[in-house]
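Keep the sequence and the 3D view at hand as you go.

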Amino acid sequence: MKRKDPDSGAAAGEISFEQMMERLEALVSKLERGDLSLEESIRAYEEGSKLAKQCKAVLAEAEKRIHRLTQESPADREHGDEEERGADELPF
């Protein structure tokens, strides 16, 4: 059974992006060596294709998150800080 670190943000049973990349690299190495049978090569290619698609989806979601974070203006962040601490309090 695949296990995740509790702080990784993925649900139970999922593997991390880094683990997917490691597996994908291992599959590519096996395919490049050329010592797999045709059926093993096809299975490795299928698994690799699936992993590549999953990695692409994870990266697209990360890009969206970063875009949302960078779209928040510094004034918006300062204003939010003032609301938390009060306008008359010092920021430190």
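Ala, Val, Leu, Ile, Met, Phe, Trp, Tyr, Cys and Pro count as nonpolar, Asp, Glu, Lys and Arg as charged, and the others, Gly among them, as polar. This is a predicted model, where local features need pLDDT of at least 70 and side-chain atom pairs count only at pLDDT 80 or more, while totals for chains, interfaces and linings use all residues. Residues are numbered from 1 along each chain as its sequence is written, and side-chain values use heavy atoms, leaving out hydrogens and water.

**Exercise 1.** Sort the lining of the second largest pocket by residue class.

*Step 1.* List the lining: Phe-17, Glu-18, Ala-57, Val-58, Leu-59, Glu-61, Ala-62 and Arg-65.

*Step 2.* Apply the classes: there are 5 nonpolar, no polar and 3 charged residues.

**Exercise 2.** Find which residues Ala-44 touches, leaving aside neighbours within four places in sequence.

*Step 1.* Contact means heavy atoms within 4.5 Å.

*Step 2.* Under that rule, Ala-44 is in contact with Leu-27, Leu-31 and Leu-36.

**Exercise 3.** Decide where to read the model with care.

*Step 1.* The chain's mean is 81, with 64% of residues at 70 or more.

*Step 2.* Compare elements: α1 has the highest mean pLDDT (97), and helix α3 (residues 74-85) the lowest (59).

*Step 3.* Check residues 1-9, where pLDDT is below 50. Where pLDDT is low, the predicted coordinates should not be read in detail.

How values were computed:
1 Å grid on protein atoms, 1.4 Å probe; cavity = no way out; pocket = protein on both sides within 12 Å on 5 of 7 lines; lining within 4 Å. pLDDT = per-residue confidence, 0-100. Helix = DSSP H or I, 4+ residues; strand = E, 2+ residues; numbered from the N terminus.
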